[in-house]
Amino acid sequence: MKKTFIIASAFLTLCLTACQTTSMNQVMETSTSQVQTRQIQTRAFDTTNRKQTLRTVIATLQDLGFVIDKADNELGTVSGTKLDGYSLRMTVTARPRGKKQTLVRAIM
Amino acid sequence: MRQKHFSTLCVCILAMLLTACNQTIPKQALQLSQESMTLRQLQTRSFNTSNEKKLLTSGAGVLQDLGFNIDESETSLGVIVGSKDRDATEAGQIAGAVAMAVLFGVYMPTDKNQKIRASLITRPTGKNKTNLRITLQRVVWNTQGQISKTQSIVEPEIYQEFFSKLSKAVFLEANEI
């Protein structure tokens, strides 16, 4: 019985290590490199009309069932939340790249 | 012997459950559903005006008529966000909870408060045409302060009522009443 208990608790400890030990680590924690993160989250569009891009972003978020939380034309950001038994928050930014493109970055 | 195995199994299952720390968001969360087109039609009305600002002001007015507070606005993008805190008590739920308490002596938390959020977006779609789309959602807390519901509001009647109020407001403001 004792042996079983030791094995079981060892297994438990092993499983628990998958969880974080110090939650403070999360402040600066990233799972991918900075460049990689940006690559995954960003797409370029062939337009210079940033305002129109932001309006399209808002319309798309609404199509996906989001309610907009914040929008800022100066900064080029839009945030929204989707509630459907879960809560999903997303921020999209649009900024110009070069003279012909607009970069759109979505973060969840 | 059998008991030993059983206890080991129990502890292992518990451990496995604990490792699933994070709440998961379904993979299809960002896929357009079949209802999304219907929802868009339900939530959108087109107005014969090129005056986006005026339409936005009317929309804000209706939100305020309905008791919403304006949380955020960006007129250059045609965005207004509002919310209101309301009671969420439902008679049916209370009756159920009372029945449970009487029959089984179990306390069942019931819905208590809710926060209703609205985002109202205007968008010029052509010459003399502006679209207005409103999306609504709510979060409900129970008597123990836990979140019991997080949902988008998709009831057609609610949107129909909003737009009938909006038409009225647009009319009143156009005629300066």
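How many bridges join strand S2 of chain A to strand S3 of chain A, and do the strands run parallel or antiparallel? Five bridges join S2(A), residues 67-72, to S3(A), residues 77-83, and the two run antiparallel. The model is a predicted one.

## Model and confidence

The model scores ipTM 0.76 and pTM 0.78. In chain B the average pLDDT is 87, and 86% of the residues score at least 70.

## Layout of the chains

Chain A contains three helices and five strands. Read from the N terminus, the order of its elements is α-α-β-α-β-β-β-β. Of its 108 residues, 20% count as buried. Taking the contacts in chain A between residues at least 6 apart in sequence, 36% join residues at least 24 apart.

Chain B contains five helices and six strands, in the order α-α-β-α-β-β-α-β-β-β-α from the N terminus. Of its 177 residues, 21% count as buried. For contacts in chain B with a separation of 6 or more, residues 24 or more positions apart account for 55%.

## Hairpins of chain A

S2(A) and S3(A) form a hairpin with four residues between them. A:Gly76, in the turn, has a positive phi of about 75°. Within this pair of strands, A:Val67 has A:Thr81 of S3(A) as its bridge partner.

S3(A) is also joined to S4(A), residues 87-97, by seven bridges, and these strands run antiparallel. Here A:Gly80 has A:Met90 of S4(A) as its bridge partner. The hairpin of S3(A) and S4(A) has three residues between the strands, and A:Gly85 in this hairpin takes a positive phi near 85°.

## The largest nonpolar core

The largest nonpolar core has 32 residues. Those that touch the most other members are A:Val57, A:Ile58, A:Ile68, A:Val78, B:Val79 and B:Leu120. Elements that each supply at least two residues of this core include H3, S2 and S4 of chain A, along with H3, S3, S4, S5 and H5 of chain B. H5(B) gives the most, with five residues. In soluble globular proteins, nonpolar side chains tend to be buried together.

Apart from neighbours within four places in sequence, B:Leu120 is in contact with B:Gly59, B:Leu63, B:Ile80, B:Leu132 and B:Ile134.

## Helix H3 of chain B

Which residues of H3(B) are buried? They are B:Leu55, B:Leu56, B:Ser58, B:Gly59, B:Val62 and B:Leu63. These residues cover an arc of only 160° around the axis, so they lie on the same side of H3(B). The cover over the buried residues of H3(B) includes S1, S2, S3, S4, S5 and H5 of chain B. On the face turned away from the buried side are the exposed residues B:Lys53 and B:Asp65.

The 14 residues of H3(B) should span 20 Å at 1.5 Å a residue, which agrees with the 20 Å between its end C-alpha atoms. Just after H3(B), B:Gly67 takes a positive phi of about 90°.

## Helix H4 of chain B

H4(B), residues 91-104, has 14 residues and reaches 20 Å from its first C-alpha to its last, close to the 20 Å expected at 1.5 Å a residue. Why does H4(B) lie largely in the open? The number of buried residues among its 14 is zero, so H4(B) lies largely in the open. Just after H4(B), B:Gly105 takes a positive phi of about 65°.

Technical notes. Residues numbered from 1 in each chain as written. Chains lettered and ligands numbered in written order. Predicted model: local features only at pLDDT ≥ 70, side-chain atom pairs only at ≥ 80, totals over all residues. Expected span 1.5 Å × (residues − 1). Buried ≥ 20, exposed ≤ 12 C-beta atoms within 10 Å, placed from the backbone. Pairing = 2+ DSSP bridges. Core = buried A, V, L, I, M, F, W, Y, C linked by C-beta atoms within 7 Å. Contact = placed C-beta atoms within 7 Å. pLDDT = per-residue confidence, 0-100. Arc of directions from axis to C-beta.
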